[in-house]
Amino acid sequence: MGNRRPSEPKGWDRWEGFLGTACKGAVLLLVVLLTAGAGARKAPPSADPAPNAPLASGATKSSDSPKAEGLKEAPEDRSSVGYLLRVKLPIDGESYQRAKLFVRKALERAKSRNQQPILIFHFQVRPEQKEYGRGSEFGASSDLARFLTSGELSGARTVAYISQSLQGHAVLVALACDEIIMAPEAEIGSAGVDEQVIEPDMRSTYRLIAEKRRTFPADVALALLDPALELLEVKTDLGTEYVRSDRLGELRKEKRTIIGEPTVLVRAGEPARFTGAEARRLRLISYLASDQRELARALELSPDSIEEDMSLSENWVPIGVTLQGPIDHDKVRRVQRSIEDAVRNRRINLVVLEIRSPGGSPMESIQLANFLAQELKKQQVHTVAYVSEEARADAALIALACSQLVVHPEAILGGPGAVQPDQDDLEMIRKAVKNPEGAWSHRSWSMALAMVDPDLEVYQYRRRGQQQLFSLEEMEELSKRDPAAAEWIRGDRVNIRGGLKGREAGNLGIADFVVHDFAELQKEFSLEEGVPWAEPGWAQHIIDLLARPEAAGVLLAVGFFALYFELHTPGVGLGGFIATVCFLLFFWSRFLGGTAGWLEVLLFLAGVGCLLLEIFVLPGFGIFGLGGGLLIIASLILASQTFVIPRNEYQVQQSMQSFLILIGAFLGVMVLAWLARKWLPRMPVLGRMFLQPPEPEEAEQIRQRETLADYHDLVGAVGLAATRLIPCGKARFGNRLVDVMADGELIERGQKIVVTDVQGYRVIVRAVEEQQPS
């Protein structure tokens, strides 16, 4: 024991010292935590918050409200979806009824889909209104505000989006929403601008709505209404508060500690107005958004998760328009003209565009897409694309530009089409789809571009029940603009190279509805009375009929058979006329259908000319005959497609179809020719127009004679042409039927001929001139 150092505790003393030190540390830690908590409670909010940073949980916006308590968080197992209503100013009784209808239908739809609804009220000035929405009725506005704060909307989150300056009693409706989002330059204020005197019931209504919803503090709401009030910004021990100057004494009575001198925000006699940037700095609103894409980002939604479905608030006046076949300038103009006429003459507000097209012109498709998404949107016309069969390549851009997309389960969206876009086309499309104010601003630009660019890789991303398609490039751009983009979780790569089936587009969230027929589409949009169609003229109906592969094959088969028939009959008769009509109809339908041009027509005429030259001028089957046949075949194939050499799967399929049409036509000609030779000569009337084939015994005798034939004995013999000699044909010398060739001239059937020479098996004849009687 004598060896122990004097400072070393012994026994109980050692444990007592250890416990004492631990207790002191715990007390010190507790004091630090309490001090930090009190400091956080008393710390005033930042004077200049980040533009779209959410309000801190401890920050207060007024003496009444820590933060808008009406905001409802979506349950984790339900995806959020936005339903947008454009509230046209000024507000009147019709606006009130329209908004009520919108709310109830949107809640019903969200419930049926197990979704958490976010109801967005986008306040917009009517085109003819130049006073920023002045003139809203107080009665209609207060009724709508009370409805928005009623228990009927307890399952929804309401958002007022102010992209233009807002004044008049429409301000009351904005205050009734759970949350207000504004454009930075837009203003809110001057709620009492239309009133000569601010009545007590107006004050009580504004106070009631403000206290119930707590979007704006009650004193701020009253200052927006009554320009006679002075509004102060006061820093207290509870944070920054906004109070009227006549209520400053109430704060002191409540034993609030006022820090520094109050700041006058709005002087008495001046209307209270706040820009979006000012309201955000004062923490009166939660987010700033310059456009709908930023609005979606503020609400943590993907752009296409905000539905602007006018059927929720309107009685539809629809029109149906069909876009069929390869896309070209004339077809786009025809569609635009049909829609413009319907908007002007019928006052329609819904366009159902049925698309059955393989694409054909990226430039024309972009033009039509801009018309549908921008021009019609300005006129409050809702557009629905219905892809019943296919919207390939650039035709998919038109479908995606519409407000909503409806597809058949087996329809094809995107992928290879009638044209293969080159690098210049892809750059033009990329620029168009990336335009934040363009036709595809409500969708992912990389998803739209992937419909035409087979090399662009897109992935399925998920966030809080939402799904979206992004490329790595677009996600990188999104992450730079929005820190919340990190919440998107990347999934599998989506292969759009060969196009998407309608069912797949529905599963990926690209299509809004997947329907099996048009009747289902009508049901989805409550179009019980049907959809009138912009009827094309009789010519268009004929073009559509003749453009079908079956009809094209029949036209070609009948046309070639008519030529065959013509060659076996004297004179230019019925066969030549029918052949001319068939080929004219074929090229006319293909020309107006967008697959044929003057090149194909000229190739066909050149081919026919070469064959005639071979037959009438240069007998034998040589270069002109072979070349003419190839030109005709090439013209018919090219007239059935929009390309020369296939460069993708779709074009290979179209080439195979063109070959099958041609093969089917030639097989049809062979069958018709066999039937004609067998049965036509035996018919009472038509038999006179066609040379009857010899009987079997006679045919055998002819064959044997021709096998050992020596026709030199016929030199100088006179006979009759049994067929038309052009220049070859048959002639009868007594009982002998012989193959002959005219000597450089056309000889009609029945004309008297004389044999001038025999060259092997060739019997050369010329016509015998009839002597006129003296």
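This is a predicted model: local features need pLDDT of at least 70, side-chain atom pairs count only at pLDDT 80 or more; totals for chains, interfaces and linings use all residues.
Local features need pLDDT of at least 70 and side-chain atom pairs count only at pLDDT 80 or more, while totals for chains, interfaces and linings use all residues. Residues are numbered from 1 along each chain as its sequence is written, and side-chain values use heavy atoms, with hydrogens and water left out.

Buried here means under 20% relative accessible area, with a 1.4 Å probe and protein chains only. Leaving aside residues up to four places away in sequence, F274 touches (heavy atoms within 4.5 Å) a set of residues including M182, I188, V220 and L284.

As for the rings, 11 aromatic pairs turn up across the whole structure (Phe, Tyr or Trp rings, the six-membered one for Trp, with centres within 6.5 Å; planes under 30 degrees apart are stacked, over 60 edge-to-face, the rest tilted). F583 and F604 make a tilted pair, because their ring centres are 4.9 Å apart and their planes sit at 45°. F583 is buried at 8% relative accessibility, and F604 is buried at 8% as well. Ring pairs also link F560, F583, F586, F587, F604 and F666 into a cluster.

Methods: Buried means under 20% relative accessible area, exposed over 50%, partly exposed in between (1.4 Å probe, protein chains only).
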